[in-house]
Amino acid sequence: MQFLYPTFLFALAALAIPIILHLFYFRRFKKVYFTNVRFLREVKEETSARSKLRNILVLIARLLAVLFLVLAFAQPFIPQDAEVKQGQKAVSVFVDNSFSMTALSQEAPLLERAKQRAREIVQAYGVEDEFQILTADFEGRHQRLVSRDDAMNLIDEIQISPATRELSKVLTRQQQALNTGKAETQSAYIISDFQQNMVDVQSYQDTLLEINLVPLQAVQERNVGIDSAWFEAPVQMLNQTNNLLVSVRNYSDEDADNVRLSIRYEGQSKPVGTMSIPGRSAVTDTVPITTLRTGWHNAELAITDYPIQFDDKYFVTFDVPEVINVLIINEETPSRYLDAAFAGIQNFRATNQFSRNLEYSQFPNYQMIVLNELLTISSGLAAELKQYAENGGNVLVFPARQADLNSYRSFLGAFPANDFQSFEQSEKNVGSVNTEEFIFRDVFENRSANLRLPTTQGNFRTNRTNARGEEQLLTYRDGNAFLSKFRVGQGNLYVCVAPLDEQFNNLAQSGEIFIPMLYKMAISSNRAKKIAYTIGRDEVIESEHFVNSTDIVYKLRGESGEFIPEQRIIGAKAFLGIGNQILQAGFYDLFLSQDTTLATYAFNYDRKESELDYIAGEALQAQVGENMNVIDVMEEAVLTARIEERSQGIVLWRWCLILALAFLAVEVLLLRFW
């Protein structure tokens, strides 16, 4: 047995007080006058014996009362395995309030059980200790140490949040707050269901901080959620049908049957169908969406699932542009075939410019740039086109018959793409179309039909290298490429090996090939506009800068209110930082003035919490290492006594106080009734 405050043992000198009282007070006697001496002797002998016994018992009761009272102040304890630390303590308690904590633990949600555990932890420490109450929201007001009463109030205010945090980030926040205090003894508690995606530390090295993990066990539930959604084509066009692909995932081991998928679009809710999803797998369904107007569109996908419902909805937005801008760079005379082709495609606007008079700063305003038989490509133009393609633009190259091969090789090699060699003036026929690639996919209803494929009277030989990632779109009968595609950053480079001039190439006369080719190239991109963002991630929204001024304040508005995002203006783009300002899934409008909506963005909850895979008990202890303690207690058990035993050993001061009061009561009874 040890003492938390051994200096109080000096007060045992007070045991001399009852002894002194006994020696001097109880030795006094009273004179008894009695007429008969014999009776006097009998009474005196009997009274003396009883009084002596009573005095001894009173003395023993007083000594024991004083002894246990002194011991109570010295706070004796029996040490356990953990080291007992003295003095003021700083305690950090993390309460996981993510969506997974809405699962049931017996009859109560896990969050309520977590809050009760947090109260028990705080009650296990003294009123002079300091506390931090931390949640997954990482609020600024939680990044400081408070008193025990304030900690209790903060626990009562905890509510479910869409935020998710890994164990390493939680420990970092706890250390930062604990280091602000002056207490040498620091302890951290993490109360969570400990999903697998949360436990991201294999071993933790910090001998100064005692880390305790308090796992909560949830009743295993089946969960089905909408994992993600994306459009088949990167750009949505007016009066065109685009397939929205929806991935619905079953996160449990049991098969899920009759999962109903529906969509709310243009103010109407429509059922899509039902699906059966095997355990631990996903099923992708297709939702055709036809756009009948330009501008921003909202769509809300939903499934029926219970009891985990935060991932049952998925919000998407997309913009249908009023016009697709195409820049045609010519050497001399513009091509009448290109002009006629783009003029015949609805919502397309073609602009012709000469290579010697270009405004490079306007390149980002075009969805595609066509190089129409340029004799030479300058180094400046080549660099701008490469930057344009890397940022998501599309470049189509038709070489000139008398092209400067050195400049073309320098231009193509920078992407990289296959180099041009010498020009071969011989007739060759295109023999196949790659209908599996986006450009010609879904263009022809009958792929086996006899198509009028292009014929060339001359073309450039190319130096083919497999490492360049070439995709052949149109192929000669001898296996060489006529039209190729190269992925460049977030954009694409399309290269035709023959000039567009009808003297060498009749591609422009093959309308069933030429028109859809130009159309699909203009709307293709490796960087489709995001149709949804995820709450809690460091998302940056890239938007068009709608005014020619930097002294503009953009705002976002949703169901939960409006706020000003972080904003940075670079050229014609506005980059908006969201941070942690959005906590509710839904649609948010971007505006400068209240009555004009510039864009609409969709935000969804993070699907990390959909995985209902937990780590508890010995498995958790094995994964986190020996530097963390796992406190695994029964549901009905109170955590306060367990923590006191861990931090202070088996505490005996309460028993000492009870015994002191008991012996004082014995003394009173002896004096009162004897």
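**Salt bridges and buried helices**

E157 and R141 form a salt bridge (a side-chain nitrogen of Lys or Arg within 4 Å of a carboxyl oxygen of Asp or Glu), with their closest N and O atoms 3.0 Å apart. E157 lies in the loop between α4 and α5 (167-178) and R141 in the loop between β6 and α4, so the pair ties together parts 16 residues apart in sequence. Helices (H or I, at least four residues) and strands (E, at least two) are DSSP runs, numbered from the N terminus. The model is predicted: local features need pLDDT of at least 70, side-chain atom pairs count only at pLDDT 80 or more, and totals for chains, interfaces and linings use all residues. Residues are numbered from 1 along each chain as its sequence is written, and side-chain values use heavy atoms, without hydrogens or water.

The salt-bridge count is 21. R62 pairs with E667, the closest N and O atoms being 2.3 Å apart. This pair links distant parts of the chain, with R62 in helix α2 (residues 37-74) and E667 in helix α12 (residues 653-673), 605 residues apart. R62 is buried at 18% relative accessibility, and E667 is buried at 12%. Buried means under 20% relative accessible area, exposed over 50%, and partly exposed in between (1.4 Å probe, protein chains only).

E166 forms a salt bridge with K608, at 2.4 Å between the closest N and O atoms. E166 is buried at 14% relative accessibility. K608 is partly exposed at 26%.

Helix α9 (residues 511-523) is largely enclosed by the rest of the structure, because 10 of its 13 residues are buried. Among them are F514, M517 and L518.
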